[in-house]
Amino acid sequence: MTHTLRKILGLTPPKILSLGFMLLISIGTVLLCLPAASTGDRISLLDALFMATSATCVTGLAVIDTGTQLTTFGQIVLLALFQIGGLGFVTMATLITLVLNKRISLKERILLQESMNQNSLQGIVLLIRRVLLYSLVIQLTGALILTSRFLGDMPSGKALYYGLFHSISIFNNAGFDLFGDVHGPFSGLTRYAEDPIINITVMALIFLGGIGFIVLSDVIDFPKRKRLTLHSKVVLSTSAILIVVGAVLFFWMELHYTLKPLTSAGKVMASFLQAITPRSGGVTTIEIPLLRQSTQFLMIILMFIGAAPGSTGGGIKITTFAVLIIAVFTQIRGKQDVVLFRQRISKDTVYRAITMTLLSLLLIIFSTMLLSVTENATFLMVLFEAVSAFGTSGISMGLTTELTPIGKVLIIILMFVGRTGPLTLAYALKPKKSKELYHYPEGNITIG
């Protein structure tokens, strides 16, 4: 890896990951502040920091329109940030090491293990090689499909650029788009609500980016191994349930409202896309402010759950949600062991899931309270913005561009914590672990 990274390897992996994201955000902020990055007046420091954080943390919330207010240079800066931020700066540093044919040390392998949320060092370098290969193939395939579609709407050079930019953005769950330059500022993909090529390609890119590289590798190896790991089974099954249930509920709640003008096929595509995109995608074909409050709250729930571990997405993660749900049913049935696919889940994993969820809830509650004070908006709009930032979803009800300076700072913090993970940040900030020399006597309290 780089010489700088070697210098700081004395730090714990969570601290290195947190500092790495901070460094990327700082570089991005400086570059976006340059006159060459904006089409009009120079971007303010706070707005540049917001955009750099949103790109690095692959969120997609934007205080300025990417398509009209950023030059090609500024857009490429964002592209580089969400590509590195999506795959992880450690993964990109490993790519440099592999290209230079240098040996990856044990400490570096431990750092890779932490960045990919792996439980073992075994095969970690092979996984990183696969991550890079799969990402390249998927993003190039998406770019070719989108380019072929955009050729009917714009010149070939612009179509190629748009195809590549949006494929990388959507696969990395960044959610940035350039269609403000074509259909008007902050227009997104609303003009393509009934386009099957755009919808299917976008859904596939979000899904492949959101299930995680561990699962992708496992699925590709399935024909040879004839089995999936427990992690892959949980991610795939829970993802399928959330997508189908989310799409059915969205269809039911919006059938006579925002979906009414669309054709039957358009209604189905819009429902599935809006069920997939909250879990970190960030691109929509339906205007979110026009949705019913019940639908907006459904999207808040999906954004909070998020994507899979080791993916480009955020949230508390699909596996955390699955473990919590099964743990609740286990307790209701009076059982002791939490079992998924005939395999017992360790109590440490259950405690970690509970801790992750509770920390996330407390963070969102506290942030929403503060935003309710600083912003002139409805409670649901503020809650939506906070959860979108934490879940790195990038969907907004329109509050992002109206944020006060304090509101922008709060959203920046939420995006950063959402990408690095509350537990990772907690581990990075906690003091050095010391051995407990004694235990207190056990006590009993009444629950429920």
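Residues are numbered from 1 along each chain as its sequence is written, and side-chain values use heavy atoms, with hydrogens and water left out. In this predicted model, local features require a pLDDT of at least 70 and side-chain atom pairs count only at pLDDT 80 or more, whereas totals for chains, interfaces and linings use all residues.

The chain contains 20 helices and 2 strands; helices (H or I, at least four residues) and strands (E, at least two) are DSSP runs, numbered from the N terminus. Of its 448 residues, 54% count as buried. Buried denotes a relative accessible area under 20%, exposed one over 50%, and partly exposed a value in between, with a 1.4 Å probe and protein chains only. The accessible surface of the chain comes to about 21300 Å², of which carbon and sulfur atoms hold 65%; the areas come from the Shrake-Rupley method with a 1.4 Å probe, and for residues only the protein chains shown count as cover. Among contacts in the chain with a separation of 6 or more, 69% join residues 24 or more positions apart, a contact being heavy atoms within 4.5 Å.

Helix H3 (residues 45-56) and helix H5 (residues 72-87) have axes that come within 7 Å and cross at roughly 40°. Axes are lines fitted to C-alpha atoms, for helices over the stretch in contact, and angles run from 0 to 180 degrees between N-to-C directions. H3 and H5 are therefore oblique to each other, since angles under 35 degrees count as roughly parallel, over 145 as roughly antiparallel, 65 to 115 as roughly perpendicular and the rest as oblique. On the H3 side, Met51, Ala52, Ala55 and Thr56 meet Leu78, Leu81, Phe82 and Gly85 of H5. The residues of this contact comprise 6 nonpolar, 2 polar and no charged; Ala, Val, Leu, Ile, Met, Phe, Trp, Tyr, Cys and Pro count as nonpolar, Asp, Glu, Lys and Arg as charged, and the others, Gly among them, as polar.

A nonpolar core is a set of buried Ala, Val, Leu, Ile, Met, Phe, Trp, Tyr and Cys residues joined through side-chain atoms within 4.5 Å. The largest such core has 94 residues, and those with the most contacts inside it are Leu32, Phe82, Phe150, Phe176 and Ile411. Helix H18 gives the most to this core, with 8 residues. Another core, of 11 residues, lies apart from it and includes Leu230, Ala322, Ala327 and Leu340. Not counting residues up to four places away in sequence, Ile411 touches Phe50, Leu61, Leu371, Glu385, Ala386, Ala389 and Leu403.

Ile168, found in helix H9, counts as buried at 7% relative accessibility. Beyond four places in sequence, Ile168 touches Leu79, Phe82, Gln83 and Gln139. Ile168 and Leu79 are 89 residues apart in sequence, yet 7.5 Å apart in space, C-alpha to C-alpha. In helix H17 (residues 347-374), Thr357 is buried with a relative accessible area of 12%. Its contacts, leaving aside neighbours within four places in sequence, are with Phe304, Ile316, Thr320 and Leu324.

Several loop residues were also examined. Asn173 lies in the loop between helix H9 (156-171) and helix H10 (180-183) and is buried, with a relative accessible area of 0%. Apart from residues up to four places away in sequence, the residues touched by Asn173 include Val58, Thr59, Ile206, Arg279, Thr312 and Thr392. Thr392 is itself in a loop, between helix H18 (379-390) and helix H19 (405-420), and counts as buried at 0% relative accessibility. Thr401 is placed in the loop between H18 and H19 and counts as partly exposed at 37% relative accessibility. The C-alpha atoms of Thr401 and Val63 are separated by 4.6 Å, although these residues are 338 residues apart along the chain. With residues up to four places away in sequence not counted, Thr401 touches Ala62, Val63 and Phe186.

Backbone geometry was considered next. Most residues other than glycine have a negative phi. Lys226, which is not a glycine, has a positive phi of about 65°. Lys226 lies in the loop between helix H12 (213-225) and helix H13 (230-254) and is exposed, with a relative accessible area of 62%.
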